[in-house]
Amino acid sequence: MANKAYQKIYTKLDGITKATVSLRAKGVSNDELAVVGGKLAQVVRTKGDVVTLQVFSGTEGIPTNAEVAFLGEPPTLKVSEQLAGRFFDAYGHPIDGGPEIEGEERQIGGPSVNPYKRRQPSELIPTGIAGIDLNNTLVSGQKIPFFADPDQPYNQVMADVALRADVDKIILGGMGLTNDDYLMFRHSFESAGALQKIISFVNTTENPPVERLLVPDMALTAAEYFAVDRNEKVLVLLTDMTLYADALSIVSNRMDQIPSKDSMPGSLYSDLAKIYEKAVQLPTGGSITIIAVTTLNDGDITHAIPDNTGYITEGQLFLRADSDTGKVIIDPFRSLSRLKQLVQGKKTREDHSQVMNASVRLYADAQNAKTKLENGFDLSDYDHRCLDYAKDYARDLLAIDVNITITEMLDRAWKLFGKYFTPAETGIKQALIDKYWVK
Amino acid sequence: MKTKGTVTGIVSNLVTVEVDGPVAENEICYIDLQGVKMMAEVIKVNGKYASVQVFESTRGLRCGDAVEFEGRMLEATLGPGLLSSVYDGLQNNLATMEEVFLQRGEYTDPLDHEKLWDFTPIAKAGDKVIAADWLAEVKEGWLPHKIMVPFSFKGEFTVKSVKEAGQYNIDTVIAVLVNDEGEEVPVTMTQKWPVKVAVKNYREKPRPERIMETGVRVIDTLNPIAEGGTGFIPGPFGCGKTVLQHAIAKQGDADVIVMAACGERANEVVEIFTEFPELIDPHTGRHLMERTTIICNTSNMPVAAREASVYTAMTICEYYRAMGLKCLLLADSTSRWAQALREMSNRMEELPGADAFPVDLSAIISNFYARAGMVVLNNGERGAITFIGTVSPAGGNLKEPVTESTKKAARCFYALEQSRADQKRYPAVGPLESYSKYLEYPEIIEYLDDTIEKGWVEKVMKAKNIIRRGKESAEQINILGDDGVPMSYHISFWKSELLDFVILQQDAFDSIDALCPLERQKFMLDLVLGICDKDFEFEDFEACRNFFKNLINELRQMNYSPYESEQFYAYNESVNKMIA
């Protein structure tokens, strides 16, 4: 980034940590960008004339006499139709060899939508995956993360979901993405012939961690342009938000802030909410839907990052390997879509919510039977039927390689009920039993 | 003259200001950011430096920017038109803002100054009045909205004149009072009150003496909340906190409902103002929105205003309580408010308490809960604020500062359990861990004796005991196996399952089951307890299981049928046959 001629250049740093530098400077505004020894940085604290800057690419090699120039503005992104089909780094510079974008320059991390101007999300996003569509139906304007251990194929599933979803633009925000996964996304999008509706902002593991802090705001500023200005349906993919939160804790740690749970900054909830709450259904038809990834440590959802995320997002999709079928499934107990009732039975068949509840309840009974079996007790006839049902249910409906319509999913579930249970054992309303029961 | 200052330090929304005159704790000031005036509140003063929390994003703010202090605390504007409004935490009317995005420094008027209200005088010339006495009445929706002597007026006044009946806007001088020094004081339909100060213009605050019906069985039957009582709902995410709270908001027997969405999801607020205008209040037959005020400071809105939002909501409730109305305040979630306090305390580099929360958290929470309650007004009428807060414990672990502090302050505890939610047993309120202290109040026991039936609380205790025994049996069965325990263990387990499925569980999305009036709750509890009183014999545990499963199914169909309908009695008949 070039220095502007009229700017005052400072050349004396008072303090340097791994992520921040501080110096004496006057007339500096909060949040504004600066260039420190050729690296981009942002003002995070002013105290009298002492200014603290967070250096995005790390402070390695910055000397105390490094040149510092303030740019007078927070980070910005140029927005226009030209964004479509392009790949950028965390600063919004092209990394695909194409030309710079021309368009209106907008500050990233801008204000929130007035809640009163929002509309209730009501449009179903079908994915073909029954663990999602049947049990945890997605709705446009929703924000939902995949909770997954690092060994789960979450990025692949997310790419599948994105490509099957009927949206105008897909915006990928990659944070700490491995180069392999970055290429996988690129390849999936290319081979689906969807490149023209994809925009990517990518920070890979090869880039410095603090840079990641810019990625969600870059992606969402682009998303707001397409959703608000052009009334398009936009799907934003953010992976991996755990690495984003790690970067937050690095900066807060270097600023000597008192950490709260799991050494995360006390403001983690607000920091994450600012990102996820950009998901919106606008009255003009445009929408932003956010699907994110939060990697877990051995399935632990009580860690501060998934815990705060769960309180912000509208549910979560929990990926795990199923030992019965050897497949990756969407765990029906720990997954949830909070907006599902806005579409279930309204945009889908009337029996949807009861079928979903009954199938999960019976799957829970199967888990109890399994516990009994493991403890060496005799199983009842009902227990045996539950266990058989659970296998079929996991294979035919929960596995992530299922790709069918919602009506087909419902029919499959009724078939399984009819195969293993009596109507009373399902606990479904009589009127629906009369109509859909398969003998 | 107003105190002025200049910005000397900025960390996120904490700004240090060097001041040239007196400032007060919690005083409001405006920071001038290139012509945009941003509201802020003093939270600490040290010498000539005041630390202020800014209710907006501080992006672009510079050291040296000008600040002007207002000489007042954060105030709520009170008057006709509060109901059916949607405000942010600072009581800006969100509906009258034009832009899609919230603009910094855009503050809108909470009340409509043009609208004319049907006005009827109550007081007459010569009356002696004090603060909070009723001067007149306007019709707000179907509620009699009292125009009162402003809460801040000190001493006794004589009414000089009151406007005759007619249609006026809120700025009309509707009465002139004379104080004991002979000065005339005009009164309009609006007044202001500092939100962080409790309104105490009432005669006394007795113990609650009746329950507030919610239509939710697990609350009304098992752990009822008193009118003017306090309760809280802690639970991990995904356990149905919000669904339960919305059910209470839709069905609660109250004249006025104030919902404070404090640091929660915007789409949940959208759900309220999309659905409530369509929904009918089951108690009055009027539109729900007509009795509802929404204070909405969602998680992405400025953190400092989150704290203000719960106080603004409480102040509005106190205003309506002073009119002799029953108010219900729902705050979702008080943890977010506590987190806002933590963020500021952290930025001020205060020594932290447990989990980095400020050390006075417990005192702040109990002071807030204490503002609820039933009161006897100066004229002998009664008003009440029932307050239910939700708590979002980190990691679902109830041993954390916000839950523990709230437990000391609130009288009802509705613990949402992950295990019940996993099994889709909604509402996931744990029947044994949850409690209502009100069931121990002699006043409440007497009230229930009179309104439901004599000995009702004993019945409730009996039901809880069946659940407790069932749980113990279940543990034994799990340890010893189905065959390892006597048949009586299976029977006691299934009796508790019967209570669980028929009484505790309730389908909030079913048009019939969602709302269960007390009369129907009594009918179902009698029916289920009647079954539990019976002795059963079975050949084996499979037969026992099948019998109860079928029984539960029939009873659930009853819950899905309209009360006292043909269908309802048909299922009832079939249940009676099964247990004959």
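The model is predicted.

Chain B holds 14 helices and 25 strands. Its C-alpha atoms occupy a box of roughly 90 × 55 × 40 Å along the principal axes. The radius of gyration is 27 Å. A compact globule of 580 residues would have a value near 25 Å, so the chain agrees with that expectation. Of the 580 residues, 56% count as buried.

One open sheet of chain B has 4 strands, in the order E12-E11-E9-E14. The pairing is antiparallel. Strand E12 (143-148) and strand E14 (166-168) of chain B stand at the edges. Each has a single partner strand, so one side of each is left without a neighbour in the sheet. From one strand to the next, the twist averages 40°. Strand E9 of chain B covers residues 117-121 and is joined to E14(B) by 3 bridges. These two strands run antiparallel. Within the pair, Asp118(B) lies opposite Gln167(B) of E14(B). In general, strands of a sheet pair through backbone hydrogen bonds, in either a parallel or an antiparallel sense.

Strand E2 (residues 13-16) and strand E3 (residues 20-24) of chain A pair antiparallel over 3 bridges. E2(A) and E3(A) make a hairpin, with 3 residues between them. Gly15(A) faces Ser22(A) in E3(A) across this pairing.

The two chains also meet. At the interface, 62 residues of chain B are in contact with 61 residues of chain A. On the chain B side, the elements that give two or more residues are strand E1 (4-11), helix H3 (266-275), helix H5 (334-347) and helix H13 (541-560). H13(B) supplies the largest share of that side, 8 residues. By residue class, the chain B side divides into 23 nonpolar, 22 polar and 17 charged. Strand pairing crosses between the chains as well. Strand E5 (residues 39-47) of chain A pairs with E1(B) over 3 bridges, in the antiparallel sense. Here Thr46(A) stands opposite Ile10(B) in E1(B).

The largest nonpolar core has 186 residues. Those with the most contacts inside this core are Val258(B), Cys327(B), Leu329(B) and Leu498(B). Helix H4 (residues 303-321) of chain B gives the most to the core, with 12 residues. Beyond its neighbours within four places in sequence, Val258(B) is in contact with Thr293(B), Ile295(B), Ala313(B), Ile316(B), Cys317(B), Cys327(B) and Leu329(B). A second, separate core of 139 residues includes Ile170(A), Tyr182(A), Ile275(A) and Leu317(A). Nonpolar side chains tend to be buried together in soluble globular proteins.

Most peptide bonds are trans, and most residues other than glycine have a negative phi. In chain A, a cis peptide bond joins Thr239(A) and Asp240(A), with omega about 10°. Asp240(A) sits in the loop between strand E16 (233-239) and helix H5 (241-254) of chain A. In chain B, the peptide bond from Asp332(B) to Ser333(B) is cis, with omega near 0°. Ser333(B) falls in the loop between strand E21 (326-332) and H5 of chain B. H5(B) is also among the elements that touch chain A.

Ser12(B) occupies the loop between E1 and strand E2 (14-19) of chain B. This residue has 21 other C-beta atoms within 10 Å. The cut-off for burial is 20 or more, so Ser12(B) counts as buried. Lys424(B) is placed in the loop between helix H8 (418-422) and strand E25 (435-436) of chain B. Its count is 17 other C-beta atoms within 10 Å, so Lys424(B) is partly exposed.

Key: Residues are numbered from 1 along each chain as its sequence is written. Chains are lettered from A and ligands numbered from 1 in the order in which they are written. This is a predicted model: local features need pLDDT of at least 70, side-chain atom pairs count only at pLDDT 80 or more; totals for chains, interfaces and linings use all residues. The radius of gyration is taken over C-alpha atoms; the globule rule is 2.2 Å times the number of residues to the power 0.38. A residue is buried if 20 or more other C-beta atoms lie within 10 Å of its own, exposed if 12 or fewer, and partly exposed in between; C-beta atoms are placed from the backbone. Two strands pair if DSSP finds at least two bridges between them. Axes are lines fitted to C-alpha atoms, for helices over the stretch in contact, and angles run from 0 to 180 degrees between N-to-C directions. Two residues are in contact if their C-beta atoms, placed from the backbone, lie within 7 Å. Ala, Val, Leu, Ile, Met, Phe, Trp, Tyr, Cys and Pro count as nonpolar, Asp, Glu, Lys and Arg as charged, and the others, Gly among them, as polar. A nonpolar core is a set of buried Ala, Val, Leu, Ile, Met, Phe, Trp, Tyr and Cys residues joined through C-beta atoms within 7 Å.
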